[in-house]
Structure formats: C-alpha cells, structure tokens
Amino acid sequence: MEIRGRESAKDNDLFFTCSLIDYIARKTKNTRADIVNGLGRKRLEKIYDLADIYHSDNIDRVSDDFIREAEIKQGNFDNVAECKYSIPTHWDIGKVYKRLIKSVAECEKVDVIDALLKVYNSFLSDKIDDYNSSMYYENPSYLLECYLEGKVL
C-alpha cells in the first residue's frame, strides 16, 4: 500500500472521489445520491481508479466532463443557498464521506465502491447534506454507528 503524507494513496483517491461528487452536486443542484446514481458504478470506479490523475486537473473541467458524459441535468436541491451558517467546502464534505465509506467498507467487508453506493443512498446522506444541522461535523465513529443502526442515535 502506497502512503503519501498521512494516508494511503487509495484513501486520497476516495477523498477526491467524494469531493468531486459533492462538487458536481453543488454545481448541478442535485442531491449527492442523485449524482452517485447518475454517474453509475462504472464511472465511479473510473473516478476512483484515476483520481490521482483527475486530482491534478482543474476540478471545473473534470466535473464538466462527467456532468456531460453522464447527462446529469440541473436540479433544484441547493443546500448551500439554504445554509444559515458557515458553509463547508466540497473538500470538507469529501473528507466526511471518505471516512464513513472507508469505515462501512471495513465493517461490512465490501469493496469501496459498494460502500460508497450504500452510504450515499442511505438516510444518513440526507442528514450530512443538511448544513443547518450538526451532522456533517460529528465524530466519524458516531456517523458509522448511526449508519449501522439505520437511524440517528
């Protein structure tokens, strides 16, 4: 396992993948689940596998390419505009999802893309993406327990 900085290269790739999902969702005003489902498993695998390359490119161009390729339409979900407090960046939210997805993959013994699809399509994704709540900055182990229990504890 290759380590760059404090994390493995694949952890960094997952971080970029989750951050790109959030970036696309904000740009197109869609929920994160809509973006994940719109991109589909094959594109998500491609993003994850080539994240180190995409990460060195302009995120606007990379996101535009995937929006066009997956034919993602403009939506009306705007959690950034609805936020009354400090808005977390797509990098901040990418880190939250990366930690949760990695924990789910380890706990449920599934691959990262399966865990990603499960997490983004879970009830918890809606909670994390409500920036007026405190869920997105909760402790990673608490988020995992909520996910595993299927409810906010």
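Modeller: Start with helix α8. Its residues Leu-143, Leu-144, Cys-146 and Tyr-147 are buried. Buried means under 20% relative accessible area, exposed means over 50%, and partly exposed lies in between (1.4 Å probe, protein chains only). Helices (H or I, at least four residues) are DSSP runs, numbered from the N terminus. What covers them includes α5, α6 and α7. After α8 comes Gly-150, whose phi is positive, near 75°.

A word on the source. This is a predicted model, in which local features need pLDDT of at least 70, side-chain atom pairs count only at pLDDT 80 or more, and totals for chains, interfaces and linings use all residues. Residues are numbered from 1 along each chain as its sequence is written, and side-chain values use heavy atoms, with hydrogens and water left out.

Now the core. The largest nonpolar core has 44 residues. Such a core is a set of buried Ala, Val, Leu, Ile, Met, Phe, Trp, Tyr and Cys residues joined through side-chain atoms within 4.5 Å. In soluble globular proteins, nonpolar side chains tend to be buried together. Leu-39, Leu-100 and Ile-101 have the most contacts inside this core. Helices that each supply at least two of its residues include α1, α2 (32–49), α5 and α8 (140–149). The largest share, eight residues, comes from α1. Leu-39 touches Ile-21, Leu-44, Ile-47, Phe-66, Ala-70 and Ile-72, leaving aside residues up to four places away in sequence. Contact here means heavy atoms within 4.5 Å.

Stay with α1. Ser-19 is found in this helix. At 0% relative accessibility, Ser-19 is buried. Ser-19 touches His-90, Trp-91 and Gly-94, not counting residues up to four places away in sequence. Lys-27 is partly exposed, with a relative accessible area of 29%. With residues up to four places away not counted, Lys-27 touches Asp-60, Ser-63, Asp-64, Ile-67 and Gln-74. The C-alpha atoms of Lys-27 and Gly-75 are separated by 9.4 Å, and these residues are 48 apart along the chain.

Next, the rings. Rings of Phe, Tyr and Trp (its six-membered ring) pair if their centres lie within 6.5 Å; planes under 30 degrees apart count as stacked, over 60 as edge-to-face and the rest as tilted. By this rule there are six aromatic pairs. One of them is the tilted pair of Phe-16 and Trp-91, at 6.4 Å centre to centre with 40° between the planes. This pair links distant parts of the chain: Phe-16 is in α1 (residues 9–28), Trp-91 is in α5 (residues 90–108), and they are 75 residues apart. Phe-16 is buried at 2% relative accessibility, whereas Trp-91 is partly exposed at 30%. Tyr-131 and Tyr-136 form an edge-to-face pair, 5.5 Å centre to centre, with 75° between the planes. Tyr-131 is buried at 2%, and Tyr-136 counts as buried at 14%. Ring pairs also link Phe-15, Phe-16 and Trp-91 into a cluster.

The charged end of Lys-10 sits over the ring of Tyr-48, 4.1 Å from its centre. A charge sits over a ring if NZ of Lys or CZ of Arg is within 6 Å of the ring centre and within 35 degrees of the ring normal.
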